[in-house]
Amino acid sequence: MNPVRLYDNATDISGIVDWKSLSAVQVLTKETGTLAFNILQNAAASLTIPAIGDTITLYDSSGLMWGGTLTESEPIIKGLMITWQMKATDWSFTMDGTLVKKNYSGVDPSAIAIDIITSFCSGTGITAATVANGGFVQVGNFNVPSIQFNYQQPSKALQSLAKLIGWDWYIDPGKHLHFFLGDVDDGSGGGAIGDGGLAPITIDAVGGQTGSDIFWNSLDIDLQITNMQNSVFVVGGTYLKMFTSGNTIDSYKTDGIQQSFPTSYAYTESTISVTLNGVAQTVGILNQVTNPATVDVLYSSTDRNIQFTGGAPSSGKTVLIFGNAQVPIVANARNAASISTYGVREGVIVDSKISTVQEALLRAQAQILQFGHPVYDVKVTTLVPGCRIGQTVTANIPALGITSYPLVIKRIEATVFVPGTNGQLQYQLECIGSDNVTFTDLMTTILQQEAAQTQPGANTVNENLEVVDEGITVTEALTATSGTRPYVYGPTSPQSRYGFSVYS
């Protein structure tokens, strides 16, 4: 059996594939994996060409290495030859047939990830279970305060969850969800650990375990701090907090002149209270039906202030304003060691869906974990099969300042090294010691922010339009009276007649 085989559903199509055109891509967490290949067909020949929606799987000598759905087919005619350009998308296409419409609060991240698969990806064959139950989903042993998914595709929901807590995820070719803490480099020199076990290669100067693990000339090592963020602010939404006369920060001393006093927060109109030297004041709402003459104070939620209706209070008195307020959420996390070495590099995350301080802190800490230190990005090419995204590969090149440093395989692109019916593949690997901010990250953030701007409320009415084919039979009967003609002559005739109009 050939070591490299391509299947369309259960049919081996290796014999009709133009192997020089093959390119299989797998990516951790951020991007969709793809498989591109061509089929050459003589115009007179009769071949069974893969159809859109078919399952495409690629095997090498290590076993199943890529799986997904054929999503694009383009025939190109040149003379008597037809070139079918095929493109398949990994299992994220299969799982994204539905949208996630659910909020989670106070549960372990593993429970959220598993519920997304079981509730919104049923019937796709994709499975999710914790490691203890034979799966690949790690238990966090901490609770996510809250996370909302506003009609997001399952892959985007998992990406949002992973980004919130600093984890990684992917669907392997066997349709199993992997969701795990990548143990990204915290700046201590420990490197990063994936969930897929150890890679079958070592990145070193002498070829590693087998003597020929990598192409030395393909090695590209990049250590940079361009995207470093060692002090991260998270600007979220608001949360409800009750202030009393004992803990309010809206406390003022009167001067006999000032009649209006600002409020730090937007208080709920029904709960706002005002005291003047300990004496409760009656409060009305500005620009509503309240008669100013009947209350001591008017509150404006728009301008966020109170106004005394009877003029400025006399000097030396204390004004206290309190009640239930919507407090803006702002959290900050810092990496002290990184700041000490490289100086402050601040970043900000704006997400109105964050509704608790704990969630904001978690998001800030995850950003620090990923971007709070220098980033190793290593690219290398190997002929050794069996490398998979999520695996840990050790880099040991003392001459370049790297000693037994673990990295996580982030991206694999497989192409043909030796053309032919038994085509041997070569694998271009990209391995990371933490993470980089990429164009994909920026676009994903923009799209997620746009999705967060319109959130259906609890009283939203969901109306479903279903298209149903229905047959109907229409019959019509006409009766013609014999002896009649289409035109009638006489004063009652509807046709135009001479003398109907007047010339002037």
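A polar contact is taken here as a pair of N or O atoms within 3.5 Å; within protein, one atom must be able to donate a hydrogen and the other to accept it, and residues adjacent in sequence count only if both atoms are side-chain atoms. The model is a predicted one, in which local features need pLDDT of at least 70 and side-chain atom pairs count only at pLDDT 80 or more, while totals for chains, interfaces and linings use all residues. Residues are numbered from 1 along each chain as its sequence is written, and side-chain values use heavy atoms, with hydrogens and water left out.

Two such contacts involve Asn230. The side chain of Asn230 reaches the backbone oxygen of Gly343 at 2.8 Å and the backbone nitrogen of Arg345 at 2.7 Å. Asn230 lies in the loop between β14 (220-224) and β15; helices (H or I, at least four residues) and strands (E, at least two) are DSSP runs, numbered from the N terminus. Asn230 has a relative accessible area of 0% and is therefore buried, where buried means under 20% relative accessible area, exposed over 50% and partly exposed in between (1.4 Å probe, protein chains only). The loop between β14 and β15 also holds Gln229, which is buried at a relative accessible area of 16%.

Aromatic side chains were examined next. Rings of Phe, Tyr and Trp (its six-membered ring) pair if their centres lie within 6.5 Å, and planes under 30 degrees apart count as stacked, over 60 as edge-to-face and the rest as tilted. Eleven aromatic pairs are counted by this rule. One of them is stacked, because the rings of Phe243 and Tyr265 have their centres 5.3 Å apart and their planes at 15°. Phe243 belongs to strand β15 (residues 231-243) and Tyr265 to the loop between β17 (260-262) and β18 (266-267), so the pair ties together parts that are 22 residues apart in sequence. Both Phe243 and Tyr265 are buried. A tilted pair is formed by Tyr376 and Tyr405, at 5.0 Å centre to centre and with 55° between the planes. Since Tyr376 lies in strand β26 (residues 375-382) and Tyr405 in strand β28 (residues 402-418), this pair ties together parts that are 29 residues apart in sequence. Tyr376 and Tyr405 are likewise buried. Phe142, Trp167 and Phe179 make up one aromatic cluster.

Trp91 takes part in a contact with a charged residue. A charge sits over a ring if NZ of Lys or CZ of Arg is within 6 Å of the ring centre and within 35 degrees of the ring normal. The charged end of Lys175 sits over the ring of Trp91, 4.3 Å from the ring centre. Trp91 is found in the loop between β7 (81-90) and α1 and counts as buried, at 5% relative accessibility. Although Trp91 and Ile171 are 80 residues apart in sequence, their C-alpha atoms are 6.7 Å apart in space.

On a 1 Å grid over the protein atoms alone, a pocket is an open set of points where a 1.4 Å probe fits, with protein on both sides within 12 Å along at least five of seven lines; lining residues have an atom within 4 Å of a point. Grid points are joined across faces, edges and corners, and a volume is the space filled by probe spheres set on the points. The second largest pocket holds about 540 Å³ of space. Its lining comprises 35 residues, of which Val27, Asp90, Tyr170, Ile171 and Ile389 lie nearest the centre. Two or more lining residues come from each of β3 (17-27), β6 (63-78), α1 (92-95), α3 (154-165), β11 (168-171) and α6 (439-453). The lining of the second largest pocket divides into twelve nonpolar, 16 polar and seven charged residues, where Ala, Val, Leu, Ile, Met, Phe, Trp, Tyr, Cys and Pro count as nonpolar, Asp, Glu, Lys and Arg as charged, and the others, Gly among them, as polar.

Positive phi values were found in residues other than glycine. Asn141 has a phi of about 60°, lies in the loop between β9 (136-137) and β10 (144-152) and is exposed, with a relative accessible area of 71%. Arg304 has a phi near 55° and is placed in the loop between β22 (297-300) and β23 (305-308); at 35% relative accessibility, Arg304 counts as partly exposed.
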